[in-house]
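Biologist: I would like to learn how to read salt bridges in a model. Could you walk me through it?

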Amino acid sequence: MAFENWFKRKAQNITTSTDDKRDVPKGLWHQTPSGKVVEHDELKKNNYVSPEDGFHVRIGSAEFFSILFDEGKFTELDANVESIDMLQFKDTKSYTDRLKEVKAKTKLTDSIRNAVGTVNGTEMVVSCMDFAFIGGSLGSVMGEKIRRAIDYCIEKRLPYMIICQSGGARMQEATYSLMQLAKVQSKLAQLSEAGLLYIAYLCDPTFGGITASFAMTADIIMAEPKALIGFAGPRVIRETIGRDLPEGFQTSEFLQEKGFVDFIVKRTEIKEIVSKTVNLLAVKA
């Protein structure tokens, strides 16, 4: 017998052609930082919180809207507002190319989405950031979308909620990005003057100018367990003040202890807590 015959595979289930092969679908399992492995369907049923260790998996606006709004039904507002490269900015690649790539990859138009719907029967507006879109960064479109959402709330006499998950301001828009801080704060002042409730829900991570402004100026500030919340990273702070920092000083639990966060709210409880808060505190039209 020739040696080459030893390596011939004749059974069809072994000699399946490359075209007929099927890859294992991605995303069937998720491993948490503690090493726990959770099936995706089980994770989804638990609002993307690991039942093994309580770890909150990072999710986007689509998942948050399905969790919060009754039967996952909502109307998206201002869906066609998109970023442009007003400064012709270029770092390792042009901002125009970067926007094209991230829009194609995420199927999003920018780093925040507005939606109106009912939460346990109470109508409200929710703006949710998407970290997958350039780190959920604050740019001119995010500021404009929040402005429009607030105007809608004032017109319709509805409570407002922002779900924050961001690395901070978008450097490709330079001062235009920083100007959004004042723009959003001025609109939130109008919302307050109208007697309407504003809730902020801080997720992992919430950093930069967003933390320094509208994430921390809500009537009620909620945060996910163990979410990282801060302005600058720990290395920058350590080098600036020249001293060691307390362990876990940028977690939601530490900030609650210091009075910056009102409630730590698990994602599995967020719909119930938000609806109760709105019904207790919102001014009826």
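Modeller: Here is a short tour of some charged pairs in this predicted model.

Biologist: Happy to start. What is the general idea, and how many salt bridges are there?

Modeller: Side chains of opposite charge can pair when their charged atoms come close. In this structure the count comes to 16 salt bridges.

Biologist: Which residue forms a salt bridge with Lys93?

Modeller: The partner is Glu101, and the closest N and O atoms of the two are 2.8 Å apart. Lys93 is partly exposed, at 27% relative accessible area, and Glu101 is partly exposed too, at 43%.

Biologist: Now to the helix. Where do Arg148 and Glu144 lie?

Modeller: Both are in helix α4, which covers residues 140-156. Because they sit four residues apart there, about one helical turn separates them.

Biologist: Is Glu144 buried or exposed?

Modeller: Glu144 is buried, with a relative accessible area of 15%, since buried means under 20%. Arg148, at 32%, is partly exposed.

Biologist: What about Arg147 and Asp151?

Modeller: Their side chains meet in a salt bridge of 2.8 Å, N to O. These two are also partly exposed, Arg147 at 26% and Asp151 at 25%. Being four residues apart in helix α4, they too are separated by about one helical turn.

Biologist: Which residues are joined into one network?

Modeller: Salt bridges with shared partners link Asp78, Glu144, Arg147, Arg148, Asp151, Lys183 and Lys187.

Definitions and conventions: Residues are numbered from 1 along each chain as its sequence is written. This is a predicted model: local features need pLDDT of at least 70, side-chain atom pairs count only at pLDDT 80 or more; totals for chains, interfaces and linings use all residues. Side-chain values use heavy atoms; hydrogens and water are left out. A salt bridge is a side-chain nitrogen of Lys or Arg within 4 Å of a carboxyl oxygen of Asp or Glu. Buried means under 20% relative accessible area, exposed over 50%, partly exposed in between (1.4 Å probe, protein chains only). Helices (H or I, at least four residues) and strands (E, at least two) are DSSP runs, numbered from the N terminus.
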